[in-house]
Amino acid sequence: MTAQIIDGKGYAAGLRERIAGHVARLKAEHGITPGLAVVIVGHDPASEVYVSGKAKQTLEVGMHSEKYELGEDTSEAELLALIERLNFDPAIHGILVQLPLPRQIDPTKVILAISPNKDVDCFTPASVGKLQIGLPGPVSCTPLGCLMLLRDFVGNLSGKHAVIVGRSNLVGRPMAQLLLRENCTVTIAHSRTADLPNIVRQADIVVAAVGRPLLVKGSWIKQGAAVIDVGINRIPAPEKGEGKTRMVGDVDYASVLPIAGWITPVPGGVGPMTIACLLANTVTTASLINGLAPPKDLTP
Ligand code: NAP
């Protein structure tokens, strides 16, 4: 027996098609074109790649896209002024400020400046609170993507024990909230967790969001468990040539594959879902801002 491979890339392509359908309907029936503004400050190469991908996919699903590329020496006041302008811009329904930001800018101040109505990354305290008490609104993109994959591939999650390794505001914590809403029993593990392998061994669902290459081993996995690998790490790949690297997750894929029931590969698993869910969140906020119910298939 080997695990069923969860094809996040394929699922994300289908999700983008559905999003394009919702965008077309919002335009035709309500005259609304969902708009996403992406702001990048400085020249972090990884961030530049992400931002270009986001802008491209926004246009592909028929949305309005704005990209702001600000210099490394941009002041906090300048960035806050731009966010304030976007908060009041009726063509924009989602604002994403790509992190990390240069030193002179306090990321917390920036996050707090984004209107919760346009907070498509689900970073503001208002969005986090809404997620916790189950009010409609955007949901953190990567956990939303993981949930969609789990529902589609595994099915009913109720009563399952989910162990989430990692407690970041970006992934671990919102993932826990979403799985709790699915009636899972949720354990959150972190760097101070004692006997992590034994905790993970009890899980029907494992979500690894740690940032440690190949940490989760096959010997930690219960037979038939669903394993969702959020990690994106680069490790040396001498077989590809000197100085070359390859991308791996937080899960030791080769040792987990024969034991798990389902597994997401890296790349091609969770990664492609994150941008697709950003677009889904922009449809959600565009709907809510205009007093419409967001499409059910794009929300938890
Ligand atoms: P993060 O903010 O660095 O959080 C990492 C978490 O892992 C922390 O809670 C930390 O515990 C815990 N941790 C670290 N070492 C550990 C260990 N040895 N055992 C158990 N727990 C440990 O990272 P993040 O932003 O959540 O991202 C996690 C990974 O997902 C990264 O590889 C990142 O690149 C990737 N990621 C991928 C996507 C995607 O689209 N696929 C999106 C976002 C992130 P403490 O809290 O105790 O420090």
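Trainee: Which residues does Ile 19 touch, not counting residues up to four places away in sequence?

Mentor: A contact means heavy atoms within 4.5 Å. By that criterion, Ile 19 touches Val 61, Met 63, Ala 276, Leu 279, Ala 280, Val 283 and Leu 298. Please note that this is a predicted model, in which local features need pLDDT of at least 70 and side-chain atom pairs count only at pLDDT 80 or more, while totals for chains, interfaces and linings use all residues. Residues are numbered from 1 along each chain as its sequence is written, and side-chain values use heavy atoms, with hydrogens and water left out.

Trainee: How many residues does the largest nonpolar core have, and which have the most contacts inside it?

Mentor: In soluble globular proteins, nonpolar side chains tend to be buried together. A nonpolar core is a set of buried Ala, Val, Leu, Ile, Met, Phe, Trp, Tyr and Cys residues joined through side-chain atoms within 4.5 Å; buried means under 20% relative accessible area, exposed over 50% and partly exposed in between, with a 1.4 Å probe and protein chains only. Here the largest core has 52 residues, and Leu 15, Ile 19 and Leu 179 have the most contacts inside it. Among the elements that give two or more residues to this core are helix H1 (8-30), helix H7 (172-181), strand E7 (205-208), strand E8 (226-229) and helix H10 (271-289). Helices (H or I, at least four residues) and strands (E, at least two) are DSSP runs, numbered from the N terminus. Another core, of 18 residues, lies apart from the largest one and includes Ala 3, Ala 203, Val 206 and Val 256.

Trainee: Which way do the residues of E8 point, and are they buried or exposed?

Mentor: In a regular strand the side chains alternate between the two faces of the sheet. In E8, Ala 226 and Ile 228 point one way, Val 227 and Asp 229 point the other way, and all are buried.

Trainee: In which sense do E7 and E8 pair?

Mentor: Two strands pair if DSSP finds at least two bridges between them. E7 and E8 pair in the parallel sense over four bridges, with Val 207 opposite Ile 228. E8 also runs parallel to strand E11 (residues 262-263), joined by two bridges, and Ala 226 stands opposite Trp 262 there.

Trainee: Which element gives the most to the lining of the largest pocket?

Mentor: H10 does, with five residues.
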